[in-house]
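I opened my notebook on a structure new to me. These are the things I looked up.

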Amino acid sequence: HGGQGHVVSHFVALELPRIFTRKLIQSTNPQPTVGSSQYDEYITQIFKDAYLEVDSMEPVKGSAGCTASSLFYPGEGAKAYVANVGDSTTMIVKYTKSTKQS
């Protein structure tokens, strides 16, 4: 991630959740129903816009970078949304205590 990658990683860790939340709250369109295909598209667009905004604000543009994985759960339903940029890998694991298996 370059010599200044730690600077970019720290910046993204602070700014991406803030920007995502702001975009989610300030959306001008009525929010679609959680679980609908329109909601899937809505969250996908918010993720894209948030990632692009963070990228445009990167403090050491061109000399360093980072990867990012994000998970959003809307608070209801069975679906969570995962976004990934770069070559990072995201794993979502469910651990069951009774069987001690994942």
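Which residues do ring pairs link into a cluster? I found Phe20, Phe47, Tyr51 and Phe72. Rings of Phe, Tyr and Trp (its six-membered ring) pair if their centres lie within 6.5 Å. The search of the whole structure gave me five aromatic pairs.

I noted the ground rules. The model is predicted, local features need pLDDT of at least 70, side-chain atom pairs count only at pLDDT 80 or more, and totals for chains, interfaces and linings use all residues. Residues are numbered from 1 along each chain as its sequence is written, and side-chain values use heavy atoms, with hydrogens and water left out.

Next I looked up confidence. pLDDT is the predictor's confidence in each residue, from 0 to 100. The protein chain averages 87, and 94% of the residues score at least 70.

Then I turned to two helices (DSSP runs of at least four residues, H or I). H1 (residues 5-25) packs with H2 (residues 37-57) at about 135 degrees, the axes 9 Å apart.

Definitions and conventions: Axes fitted to C-alpha atoms, helices over the stretch in contact; angles between N-to-C directions. Phe/Tyr/Trp six-rings, centres within 6.5 Å; stacked < 30°, edge-to-face > 60°.
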